[in-house]
Amino acid sequence: PQLKWVLLSALASSAYDLLDEQVLIDEKCEDEAACDFSLRQLRGEKLSRQDTSTDGTDASSSSLHSTESSDWWHGSCQAYGCHHTYVHGHRCQCNPSCEFHGNCCQDYQSKCVVDISKEHTDHVAYSVTGSCQNYGCQNSYNRYLECQCTHECKFYNNCCNDYDSHCHQQQVEKQSLPADEAQGPSPAVPVAVHGIGTVTDAKVLGHPSTTQHYPHYDGFTLFLAEEFDEPIDLDNDPIWTWSDGGLAEGQTRFVKEQLKFEDGKMKIVVEKNPGVQVQPCSRAMSSELWEMPLISGELRSRHNWFRYGRYEARIKAPSVQSGNPDVNGNYISTMFLYRDANFHHWREIDFEITGDTKHAVTTNMLFADYTLDWSPKIQHSIHHAIRASTRHDFHIYAFEWLPDRVTWYIDNKKVRELRKSHRAEIPNMSGKIMMNLWIFGEHAYFGGREMRNNRYPFHSEYDWVRFYKWDGDVQYPCDGLSTDCLRHEDTFLSGNNPCDGQNQTGYKQGKLVCQPTCQ
C-alpha cells in the first residue's frame, strides 16, 4: 500500500506539472519573466477564496492573523515579502505586475503597494500624472504609468511628452561607455588622393581620377569619387571600411576578405565559407549573429555622413555560372543609402539587382522609427524589367535624393520618382553609402527562385561610385568628411566592424550591445 501511494503521488505530481506547463504555454503576455501565471497560483488563489467563504472574513485580514506556515501554504505577501519581479514557486505574487496578470496574493494591496511606492522611486507613480518631471527618469518599464520615461520608450512609442527635455540627455550619458573605453567618432585622417589634394582639403574626396572628365548636374556638386584604381586599405582608409554583418533572412556573412580590388574595379565575391573565422557578435548589426554557410562582402562609408544629393555607381551584376550570364539564380547585388542603426531610425534608399532574370532591378525606399524587423508597411518597392542585360555589361545606377522626392535612374534615364505624400515619408536623416552582394535564405523568397543554379564562387563588379552633394544641404556631409557636424543621433550604434575604432554607444532593447574583438 505504501508503494502504491508513492506511485500515485508521483503520477499526480507529473500530471500537475504538465498542466502547469500547459498554462505557461497558453498564456499570452508582454513580459515572460513577469507572467508565469501557473496552476499553483490559481490553486493558491482558490484555496484563499475558499477560506474566505468559509469564515466570512476578508482574506487579507484573516491572513494577518494566520500562522506563518499557513500564510506560506495559501500564499500571502506577509509570508513571501514584496518583490520587484515574478518569483517562481510562489502560489501568488507580490510584485507590481501581478495585478496586470491577475496573480496577486490577497494581501498585496495592504502589504506591498505602500511599501514599494515609498521605497522605490521607479515605482512611485501609482497615482498617474503623466510626465517625466513627476515620474522621474527610469531604468525599466512600469506598467502602471500612462507614459514611460525609459531609454526604450521611443522604441515602443510610449514616451511622456516631456521625455526629450527631461530625460533624454541623462539617458544618453548613462548609455555611454566608461570614459576610459569611450572613443569619439574617428577623425578623417589626411591621405593622398592622386594629386587632387588631401581628404580634408580636396575639392573632390575619395580616390578620384586626375584625368577623368566628370559629368555636371544642375543643383549638385561632385563631392566624392571612388574609381577603385588602386586597392583600398579597408582598416585605415578615412572614408571606406568593411562590414562584419549579414542579413538574418539571408545565408551570407560579410567579411573583409571578400572585397577584392582588381583591374581598376572592386569585386564582391560570394562563396562557400572555406574556413574564415567569424565572431558570434556583429558590430555592424549591434547584435549576436551566427555563422552562415556563405561569405561575401559589404563596402560602406564609416559614418552616417551623406544626405541629400545624387548617388551613382557603375555596376555589373553577377553570373551565377561562370561564362554563362543567361542562367538565372539567386543573388541581391546592391548600391544603397542606409541609416545606421536601422532599429533606431530606419532610413534606406536602394538599388537591388536580383537574380530572377538578367533584366531584373528593384528600387526601394524604407522609412521607420524604432522598428527591429522589416515589414512591407515600411517600404515602397517597385520591380523593374530593363531592356539591357544587367549581367553582360556595366550599367550606371543612380538616384537623386531631395527633401521632397527621390528619383531613380538607369543609364541616365529616369525609371521612377517617389514624392513626399501622406503615404510616403521621404528620408530626412543622413546615412552611409553601402554596396554588397548576398544570397537569400534557402526558400529564396527574394533575389530569384532558381537558387539551385548557383555555382560558387561568383562576383559582382563595381567600376566606380560617386556622390554629388545637393547644393541646398548646408549640414551634411561634414566639411572634408570630418565628424564635426555629426550629432549623437548620427553616431548611435553606427559601428561597422571590430577594428573600425568607433565607439558603440547605446543600448539595444535595454541591453548593452555585444562587443566583438579586433583580431
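User: Which residue stands opposite Lys-432 in β19?

Analyst: In this predicted model, Tyr-338 stands opposite Lys-432 in β19.

User: What makes β12 and β19 a pair of strands?

Analyst: Two strands are taken to pair if there are at least two bridges between them, and strand β12 (residues 332-338) is joined to β19 by five bridges, with the strands running antiparallel.

User: Why is strand β19 described as largely enclosed by the rest of the structure?

Analyst: Strand β19 covers residues 432-438, and seven of its seven residues are buried, so the description follows from that count. Lys-432, Met-434, Asn-436 and Trp-438 point one way, Ile-433, Met-435 and Leu-437 point the other way, and all of them are buried. In a regular strand the side chains alternate between the two faces of the sheet.

User: How do you know whether Arg-423 is buried or exposed?

Analyst: Arg-423, which has its place in the loop between β18 (413-419) and β19, has a relative accessible area of 67%. Exposed requires a value over 50%, so Arg-423 is exposed. In space, Arg-423 and His-380 are 9.4 Å apart, C-alpha to C-alpha, while in sequence they are 43 residues apart.

User: Why is the aromatic pair of Tyr-311 and Phe-467 called tilted?

Analyst: The structure holds 17 aromatic pairs. In the pair of Tyr-311 and Phe-467 the ring centres are 4.8 Å apart and the planes stand at 50°. Centres must lie within 6.5 Å for a pair, and planes under 30 degrees apart would count as stacked, those over 60 as edge-to-face and the rest as tilted, so this pair is tilted. The pair links distant parts of the chain, with Tyr-311 in strand β11 (residues 309-316) and Phe-467 in strand β20 (residues 458-470), 156 residues apart.

User: What makes Tyr-311 and Phe-467 buried?

Analyst: The relative accessible area is 1% for Tyr-311 and 0% for Phe-467. Buried means under 20%, so Tyr-311 is buried, and Phe-467 is therefore buried as well.

User: How is the pair of Tyr-331 and Phe-458 classed, and why?

Analyst: The rings of Tyr-331 and Phe-458 have their centres 6.3 Å apart, within the 6.5 Å limit, and their planes at 65°, which is over the 60 degrees needed, so the pair is edge-to-face. This pair, too, links distant parts of the chain, since Tyr-331 is in the loop between β11 and β12 and Phe-458 is in strand β20, 127 residues apart. Both Tyr-331 and Phe-458 are buried.

User: What links Phe-399 and Trp-470 into a cluster?

Analyst: Ring pairs do so, and the cluster they form holds Phe-223, Trp-305, Phe-306, Tyr-308, Tyr-311, Phe-399, Trp-401, Phe-467 and Trp-470. Phe-399 also stands out in the largest nonpolar core, where Trp-240 and Phe-399 touch the most other members among its 58 residues. Strand β20 gives the most to this core, with four residues. Leaving aside neighbours within four places in sequence, the contacts of Phe-399 include Tyr-311, Met-335, Phe-336, Leu-337 and Trp-408.

User: What makes β6 a partner of β5, β20 and β9?

Analyst: At least two bridges are needed for a pair. Strand β5 (residues 259-262) pairs with strand β6 (residues 265-272) in the antiparallel sense over four bridges, with Lys-260 opposite Lys-267. Five bridges join β6 to β20, which run antiparallel, and the partner of Val-269 there is His-459. Two bridges join β6 to strand β9 (residues 294-296), again antiparallel, with Glu-271 opposite Ile-295. In the hairpin of β5 and β6, which has two residues between the strands, Asp-263 takes a positive phi near 55°.

Conventions. Residues numbered from 1 in each chain as written. Predicted model: local features only at pLDDT ≥ 70, side-chain atom pairs only at ≥ 80, totals over all residues. Heavy atoms only, no water. Buried < 20%, exposed > 50% of the residue type's maximum accessible area, 1.4 Å probe, protein only. Phe/Tyr/Trp six-rings, centres within 6.5 Å; stacked < 30°, edge-to-face > 60°. Core = buried A, V, L, I, M, F, W, Y, C linked by side-chain atoms within 4.5 Å. Contact = heavy atoms within 4.5 Å.
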